[in-house]
Amino acid sequence: MSRSAHPAGPRHADVLPEGHYAAPAADLNALDPKVWAHTVGRDADGVVTVGGIAVTQLAEEYGTPAYILDEADFRDRARAWRTAFGADADVFYAGKAFLSRAVVRWLDEEGLNLDVCSGGELATALSAGMPAERIAFHGNNKSPQEIERAVRAGVGRIVLDSFQEIVRVAHIAQSLGKRQRVQIRITVGVEAHTHEFIATAHEDQKFGIPLADGQAAEAVRRALQLDGLEVIGIHSHIGSQIFDMSGFEVAAHRVVGLLKDIRDEHGVELPEIDLGGGLGIAYTSDDDPREPHEIAKALTEIVTRECEGARLRTPRISVEPGRAIVGPTAFTLYEVGTVKPLDGLRTYVSVDGGMSDNIRTALYDAEYSVALVSRTSDAEPMLVRVVGKHCESGDIVVKDAFLPGDLAPGDLIAVPATGAYCRSMASNYNHVLRPPVVSVRDGAARVVVRRETEEDLLRLDVG
Ligand code: LLP
């Protein structure tokens, strides 16, 4: 199939619907470095390359759809976080964003720690050789088997999420003759999303133990009494895709307030504080995320200032970025199957994946951008909605975007910033097979998670 010039395709609608879309970029062939992995560019023929490899070659060798992961970019971002926080703090990559054994090895080599939140994630981390003491185990309902496995493996910390779990972990650790290092996850009444945060009653959620009504203080009181536990700190995670640091400021203030109360009541200064993850990335050119060094500086200053005010030794800080490391490092490569212009509305562009490889648009109304990557085009922009192949009208990958008006079946398009929460939340809806994750670096590509096959599907269906 030819990926070069196509005859004139559908034109953009004469009357565009109001709102919900940004104006077309001045040059649809341009690739905004804010939303694309660092090594992405176009070659002399206009084909997009990543890690020195043309996407047309990747599509030919590995098929579409596929998640294409830029290893150098991943390592750069991981290292930037590590360097920004320095030796006196810890960075735990949140594996829920995307986890594979290759990624675990890269993290290990770059000196990051790992946050896991299920037995499956723990198994992946251990099987790739991540030292157990650098693993934090999360979750609001860890099973006794998962807890036992984590304690036996010697994970560096278990983050306790409820009163029942405090007793459960203590009991299991003690029965194994161990003292498990734990943090207690509290909810500080702050919820942050993107540019906003709300610092009122947001304890209405399943995670953590509320600071309100003295519940968190009671949890610490109980945990300190149990021989199976070594309480090393307090944990707080306030939300997702956050750009505004003031939510962290309020959270740090409240966590340090609790540390002070603990010191006053028990004479114990807990040595660690974890401020969770949630730092935002650019999904479209409208987003302006902060650099890791700015975030590290802001968080360290906030905690230090609060501790000075409370006359506490500044605890060791840790953070758990997931999206901010892996999100921008990957894009999803699709082949266009059909192009359907609806007069006066928009053009529907159907790709060979959809909500099974990216549920975020359907689930969160998430915004993405998209580009034609197998060639350049000077055709007029047309307003498109990129949709998948699933039997559901909510099967939308990119709600509103502009692509060249000569887009045609066989073209390759790519959706950037799909490294986080796309493969990890992928499904088999309609028995569509989950795409592979292909990592590229220095002109070489390799499959790190292979494409699912019909055999895989049928193997689980035991008849
Ligand atoms: N630490 C804890 C305790 C968390 O619960 C999370 C995310 C993170 C760290 C990492 O957050 P990040 O830096 O990746 O934002 N599926 C949603 C996001 C759910 C996040 C859940 N917890 C999405 O696709 O936006």
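The legends below describe close-up views of a predicted model.

Because the model is predicted, local features are reported only at pLDDT of at least 70 and side-chain atom pairs only at pLDDT 80 or more, whereas totals for chains, interfaces and linings use all residues. Residues are numbered from 1 along each chain as its sequence is written, and side-chain values use heavy atoms, with hydrogens and water left out.

View A. Polar contacts here are pairs of N or O atoms within 3.5 Å. A polar side-chain atom of Glu320 is placed 2.7 Å from a ligand nitrogen atom, while a backbone N or O atom of Arg323 lies 2.8 Å from a ligand oxygen atom. In the case of Tyr421, an N or O atom of the side chain is 2.7 Å from an oxygen atom of the ligand.

**View B. Crossing of helices H8 and H9.** Two packed helices are described by the angle between their axes and the distance between the axes. For H8 (residues 246-266) and H9 (residues 292-310), the axes come within 9 Å and cross at roughly 35 degrees; such axes are lines fitted to C-alpha atoms over the stretch in contact, with angles running from 0 to 180 degrees between N-to-C directions. Helices are DSSP runs of H or I with at least four residues, and strands are runs of E with at least two, numbered from the N terminus. The crossing of H8 and H9 is right-handed, a term used where the near helix is turned clockwise from the far one by less than a right angle. Contact (heavy atoms within 4.5 Å) involves residues of H8 including Phe248, Ala252 and Val256, and residues of H9 including Leu299, Ile302 and Val303. By class, this contact has 8 nonpolar, 1 polar and 5 charged residues, where Ala, Val, Leu, Ile, Met, Phe, Trp, Tyr, Cys and Pro count as nonpolar, Asp, Glu, Lys and Arg as charged, and the others, Gly among them, as polar.

View C. Asn113 belongs to strand E6 (residues 113-116) and counts as buried because its relative accessibility is 10%; buried means under 20% relative accessible area, exposed over 50%, and partly exposed in between, computed with a 1.4 Å probe on protein chains only. Beyond its neighbours within four places in sequence, Asn113 is in contact with Asp90, Val91, Phe92, Tyr93 and Arg134. Phe243, in the loop between strand E14 (239-242) and H8, is buried with a relative accessible area of 8%, and its C-alpha atom is separated by 8.9 Å from that of Gly278, 35 residues apart along the chain.

View D. The peptide bond from Thr64 to Pro65 is cis, with omega near -10 degrees, and Pro65 sits in the loop between helix H1 (55-62) and strand E4 (66-70). Ala417, a residue other than glycine, has a positive phi near 65 degrees; this residue lies in the loop between strand E22 (412-416) and strand E23 (437-441) and is buried, with a relative accessible area of 0%. Asp442, also not a glycine, has a positive phi of about 50 degrees, and its place is the loop between E23 and strand E24 (444-449), where Asp442 counts as exposed at 71% relative accessibility.

Notes: A polar contact is a pair of N or O atoms within 3.5 Å; within protein, one must be able to donate a hydrogen and the other to accept it, and residues adjacent in sequence count only if both atoms are side-chain atoms.
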